[in-house]
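Please keep the sequence and the model in view while reading.

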Amino acid sequence: MTHELRGRDLSLGYGGDDVVSHLDVEVPDGRITMIVGANACGKSTLLRGMARLLRPSGGQVVLDGRSLQDMRSIDVAKLIGLLPQSPVAPDSITVADLVGRGRYPHQGWFRQWRSEDELAVQAALEATGTADLAGRPLAELSGGQRQRVWVAMALAQDTDLLLLDEPTTFLDINHQVELLDLLTDLNRERGTTIVIVLHDLNLACRYADHIIAMRRGVILAEGSPREVIDASVVTAVFGLDCEVILDPLTGAPMVLPRGRHHICGGGWRREPPADPQSVRGCPGLRLG
Amino acid sequence: MSTQTLSPPPQAPPVGTRAADVRRARRRLGLLVTTGLGLLALALLVLTMMVGSYGLTPWEVVASLAHQSQDPATDFIVRGLRLPVAATGLAAGIALGVSGAIFQKLLNNPLASPDFVGVSSGASLAAVASIVLFNASSVAISGSALIGALVSATLVYVLAFRGGLSGYRFILVGIGVSELMLSLVGYIVARAELFEARQAMTWLVGSVGQAGPGQLWALIVALVVLLPVAILLERPLRSLELGDDTARALGTRVELHRLALIAVSVVLIAFATAAVGPVLFVALVAGPLARRLLGPAGGHVLAAGFVGASLLLSSDLIAANAFSSPLPTGLVTGAVGAPYLVWLLVTANRQGLGG
């Protein structure tokens, strides 16, 4: 099932000045899109606008040719799932109960719980590797497990589009990679269109099919990471003086911040040096 | 770490922990506990009608209720004297428990009881004003208490609303409004004649016995209409509990459902307060007690109603019979509830919850 999600001349704000103004943006169907940018650049605001959490102050978000504002909340929720930045849950809630609440848009006032709900919950638990936690209270789990359970709740919602607002915050590097792998699996297996706001530029470059770089509410660059991310773009987006090399493991662009300390001159630009064992300008320093 | 192979779940789920089994076990537990609490409330209802200056057996009470009793004296005691009081206790207790549980879940705070956030104090101010200033009849007192509760709840809602409703703001504004109203109550009582001041103070403590038939029927009608609504609204409530963003993403109409839940809860507490006065702590304690009994099981609202009814009936049983002369119910609930409140504050602060 293909979907077209786009913002047309979209302006978003929280009552005062617009955080995002007159933006035209399209989410590529069936791909993983990452939105990156400095703090307060409007990336989370854009995500919230696309999930209908914010009413646009101008323009519109269009899903399959219809404005989101004209659709019923429940119909939007059957197509677009969203995992907010810091979701909250009651103290004693169990994993199975929380994931089950993802079925809300598929239930009615009286027709409450059916076998297809049961199947969706079980599938979501298994896909996220949390099936054996089903009976445990959420509060007892580790940060990584908890985040996977929240993803499971969003999966149980069974939407073709899934939006996540900084899902890796508070996770250690191992769990960050694990979570992004899991989302990639989902994208590849189910064809779910995924949009992620991510802080870590290097992980964004590695996992994104499509990257959107924002600054002060406008899009500075978008496209595949290899086309888009170079030192001048990173400097423009983050104001960071840096070098961009290609990650030897994946070939994705990788940002090396310059900073003011510990620099030993030279560096790689786009391609690794002929002799990767030695770093130019740093005698005695070897990679390996 | 490769992105092209699928990562299988780390372990196969052990037998018995499948989500379906967990859910079924929770349902069963919820049903069991709620039924048990309902039966407890009914048992206390019958017990309330057995005990008094003239003791009766359960069979005499039940026979008289079923119109099977041959003894007119028993009928008079049960149906004429004790049933109205007991039924008021049951209905007001359910209303208080349901109302408190909804408030606490909605605002995600165990202190968010209607006792504290201005609803009861609005009722008190209106009732005391009508007693002292207008010398009103019992029905008029209840009517003004009802209006006072609704007006003060609306006031708190409007003052706390700022492009949305934050639970924390609602509670703080509620406490402020509540204090304002209680100081006005103090002012009116201080200026009143002795007889009216006594009448006002009695009303302010709250007692199950003070409701007349008009108040009782109004409360029963409110309960019959609103209890099913409250149970239906528990589904969006479970989604609202996950925070506004998640609730919206799940397709909940957040503002509409929250307004409906607050309205149901306020109207229930308003009718209960109009009937029995501002009986303290029942609404505060019922929700957390029910949650403790249920564990992680659902179906919280109805269970909290039954806990509220059991609390109010047993408090009235003690107030009416344990002392040489009957006391107002509110004194007993206050004596039990105040230590609970202290305990709640102490433990809540330790966990950094509950504000």
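The text below goes from the interface to the nonpolar core and then to individual helices.

This is a predicted model, in which local features need pLDDT of at least 70 and side-chain atom pairs count only at pLDDT 80 or more, whereas totals for chains, interfaces and linings use all residues. Residues are numbered from 1 along each chain as its sequence is written, and chains are lettered from A and ligands numbered from 1 in the order in which they are written.

**Interface**

Across the interface, 44 residues of chain A are in contact with 33 residues of chain B, two residues being in contact if their C-beta atoms, placed from the backbone, lie within 7 Å. The largest share of the chain A side that touches chain B, six residues, is supplied by α6(A). By class, this side of chain A has 24 nonpolar, twelve polar and eight charged residues; Ala, Val, Leu, Ile, Met, Phe, Trp, Tyr, Cys and Pro count as nonpolar, Asp, Glu, Lys and Arg as charged, and the others, Gly among them, as polar.

**Core**

The largest nonpolar core has 190 residues, and those with the most contacts inside it are V99(A), A95(B), F271(B) and A286(B); such a core is a set of buried Ala, Val, Leu, Ile, Met, Phe, Trp, Tyr and Cys residues joined through C-beta atoms within 7 Å. Helix α3 of chain B, residues 72–107, gives the most to this core, with 16 residues. Helices here are DSSP runs (H or I, at least four residues), as are strands (E, at least two), numbered from the N terminus.

| Residue | Contacts (C-beta atoms within 7 Å) |
|---|---|
| A286(B) | L96(B), G97(B), G100(B), A101(B), A304(B), V307(B), G308(B), L311(B) |
| S315(B) | T329(B), V332(B), T333(B), V336(B) |

**Helices**

S315(B) is found in helix α13 (residues 300–321) of chain B and is buried, with 26 other C-beta atoms within 10 Å; a residue is buried if 20 or more such atoms lie within 10 Å of its own, exposed if 12 or fewer, and partly exposed in between, with C-beta atoms placed from the backbone. The C-alpha atoms of S315(B) and V336(B), 21 residues apart along the chain, are separated by 8.9 Å.

In helix α9 (residues 231–238) of chain A, the buried residues are A231(A), V234(A) and V237(A). Just after α9(A), G239(A) takes a positive phi of about 70°.

Key. Lists of a residue's contacts leave out its neighbours within four places in sequence.
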